[in-house]
Amino acid sequence: MTAFQKRTGIIATLFAVVIFIIPFLFIFLMSVKDKSQASHQDFTWPEQWQLWQNFSDVISARNYMLLLAYFNSTVITVGAVALLILFGAMVGYVLQRRQSGWNKVIFGCVLAGLIIPPAVVPTIWVLQGLHLFKTIHGMILIQVAYGLAFSVLLYSSFIATIPRDLDEAARIDGARPLQIFFRVILPLLKPVTVTLIVVQSIAIFNDFTNPLYYLPGKQNVTVQLTLFNFQSQFQTQFNLLFMNILLVTIPPLIVFIFFNRQIVAGMTAGAVKG
Amino acid sequence: MQRRSPYPYWFVLPAAVVFVTLFLVPTVAAFWFSLTRWDLYTATYIGMENFRQFFSEPYLVQGLGHTLIYAVLTSATKSVFGLLLAVLLTSGIWAQGFLRTVVFFPVLVSTIGVGLTFSVLMHPTKGLFNVGLATIGIHGPGWLTDASLALYSVALVDLWKGVGLATLIYIAGLAAISPDYYEAARIDGATRIQQFWRVTVPLVRPATVTVVTLSLIGGLRSFDLIWAMTRGGPGFSSDVLASVIYKQYQAGFYGLSTAGNVILFLLIALLVLPLTWWFNRREVDL
């Protein structure tokens with residue numbers, strides 16, 4: 001490392017601390033302050049640390065709404081990601097292995113799914129017709145519909161690298177299509193599956209707009225929506241608002257620490273193909 | 001008897017059912033409902049009335065302009081800063097790995113959390129932005145309270161949150177460029193700046209296409225950050241199409257809201273399709 005590289009690195013780090021780390025430090029400091037100091041909304045050291053008190057206040061607020069929200073968000077995320085893996089891999093598999101006119105149709109749908117913004121009110125109309133509006137399973141299916149395009153794209157490009165000989169061998173041994181898929185192909189897709197789980201679960205957990213439209217009602221609250229409930233309720237209680245922000249930020253942070261590599265793989269998928 | 005294919009089409013069926021009913025059907029139905037007065041139960045055909053209303057109400061048309069400004073601005077700044085950061089973070093500087101992590105992390109954080117945090121930091125008198133500026137003698141503006149500035153302040157936060165993804169894509173793009181090009185350029189006596197313009201920029205094109213397209217689509221659809229920071233205000237000065245759609249929906253004007261959706265759809269199609277076509281055509285020329 002040259003002296004120039006070292007000097008540039010130090011300057012860049014200083015900038016990064018000011019621009020990227022201070023906002024997170026601010027969230028943390030605000031979340032441990034007491035009510036009156038937090039109301040100043042300034043960047044100061046807490047005079048009184050009340051991490052635990054704020055934590056339990058936020059959790060118990062509005063009859064433990066945050067816990068319910070965590071539960072709902074977890075159910076939606078796990079359900080939707082599981083279906084996205086299964087459905088996405090099945091489509092990607094057939095798309096890669098069979099060449100026909102349908103491929104163009106499927107590929108067109110994938111592009112449409114990536115580009116077109118969902119039509120909100122007509123979707124509510126469809127959901128109501130199917131009795132899925134304001135239900136958790138309806139929300140899961142919505143997330144599946146919106147996430148499928150990405151998941152098919154990711155799987156189909158990976159399945160192209162798995163030799164056909166493997167399916168052939170299994171077929172000669174007498175395996176049926178479903179057996180080939182579940183016993184041979186799906187286990188081989190593990191690297192992509194991990195990437196997909198990480199990227200999609202963060203996206204669905206952080207989703208605000210779709211639950212806002214399709215999942216109204218107190219019983220159906222999700223994690224991102226609690227931020228707004230708290231904002232109006234604690235207009236002057238900034239310490240609790242920021243504690244809530246902190247609690248919402250922690251799950252992605254944990255995922256990021258453990259799955260950094262898979263996130264990078266997923267986010268750059270298709271970027272360098274050219 | 002014809003041998004059954006080991007790749008039966010019914011594998012596509014579960015995905016197709018969900019995608020068609022919950023995505024394609026509403027998208028197509030939107031075109032019909034945008035021509036109606038609609039309360040979710042009965043729809044009365046009123047022709048182009050919703051669109052006429054949309055383009056005659058100044059605060060609705062403004063939303064269209066804001067959407068364009070916001071999308072173009074965030075997309076352009078993300079690709080410029082993304083490329084510069086990617087070059088910096090692949091040049092072997094001190095603490096490179098740490099810096100990559102720090103720049104990327106905001107991408108994963110809740111948009112609403114970021115929006116609420118920055119709306120406190122941008123408070124006209126108490127916020128860290130203006131307190132910081134005051135220490136060097138600058139009287140900071142009302143970032144979110146000044147109607148002529150609010151949209152740009154939100155775009156700035158969008159850049160802060162999204163630049164990490166652009167950087168990541170550019171880093172992958174830079175890694176795909178063979179070092180031979182740089183060596184050849186050096187032997188020919190090219191300076192660092194010439195190398196950047198003559199080698200890096202042209203050869204990192206695939207990444208540029210991805211970054212510009214992704215962030216343009218994202219910017220045109222953008223809703224949650226704006227909603228968290230300004231709710232389209234002050235007045236209607238930071239309203240974009242997506243927030244107009246939500247407001248009309250809340251007010252019960254379902255037909256008008258859906259017309260907004262159709263306009264957003266057409267806007268994205270009209271911008272993104274020619275852009276992709278242009279990018280692909282240029283590729284052939286090279």
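The model is predicted: local features need pLDDT of at least 70, side-chain atom pairs count only at pLDDT 80 or more, and totals for chains, interfaces and linings use all residues. Residues are numbered from 1 along each chain as its sequence is written, and chains are lettered from A, with ligands numbered from 1, in the order in which they are written.

## The two chains

Helices (H or I, at least four residues) and strands (E, at least two) are DSSP runs, numbered from the N terminus. Chain A has twelve helices and zero strands. Chain B has 13 helices and two strands. A residue is buried if 20 or more other C-beta atoms lie within 10 Å of its own, exposed if 12 or fewer, and partly exposed in between, with C-beta atoms placed from the backbone. Two residues are in contact if their C-beta atoms, placed from the backbone, lie within 7 Å.

| Item | Chain A | Chain B |
|---|---|---|
| C-alpha span along principal axes | chain A, about 75 × 65 × 35 Å | chain B, about 80 × 70 × 30 Å |
| Buried share | chain A, 45% of 274 residues | chain B, 43% of 286 residues |

## Where the chains meet

In the contact between the chains, 71 residues of chain A touch 71 residues of chain B. On the chain A side, helix H1 (residues 3–32) gives the largest share, 13 residues. That side holds 48 nonpolar, 16 polar and seven charged residues. Here Ala, Val, Leu, Ile, Met, Phe, Trp, Tyr, Cys and Pro count as nonpolar, Asp, Glu, Lys and Arg as charged, and the others, Gly among them, as polar.

## The nonpolar core

A nonpolar core is a set of buried Ala, Val, Leu, Ile, Met, Phe, Trp, Tyr and Cys residues joined through C-beta atoms within 7 Å. The largest one has 157 residues. Met90(A), Val91(A), Val144(A), Ala145(A), Leu148(A) and Tyr170(B) have the most contacts inside this core. Helix H3 (residues 51–97) of chain A supplies its largest share, 16 residues. Leaving aside residues up to four places away in sequence, Tyr170(B) touches Gly82(B), Leu83(B), Ala86(B), Val204(B), Ala207(B) and Val211(B).

Leu178(A) lies in helix H8 (residues 177–188) of chain A. Leu178(A) counts as exposed because it has 12 C-beta neighbours inside 10 Å.

## Two helix pairs

Axes are lines fitted to C-alpha atoms, for helices over the stretch in contact, and angles run from 0 to 180 degrees between N-to-C directions. Angles under 35 degrees count as roughly parallel, over 145 as roughly antiparallel, 65 to 115 as roughly perpendicular and the rest as oblique.

In chain A, helix H4 (residues 101–115) packs on helix H6 (residues 136–159) at about 130 degrees, with axes 8 Å apart. H4(A) and H6(A) are therefore oblique to each other. Val110(A), Gly113(A) and Leu114(A) of H4(A) meet residues of H6(A) including Leu148(A) and Phe150(A).

In chain B, the axes of helix H3 (residues 58–88) and helix H10 (residues 205–221) come within 8 Å and cross at roughly 150 degrees. H3(B) and H10(B) are therefore roughly antiparallel. Among the residues in contact are Tyr70(B), Lys78(B) and Gly82(B) of H3(B) and Val211(B) and Leu216(B) of H10(B). This contact has six nonpolar, eight polar and one charged residues.
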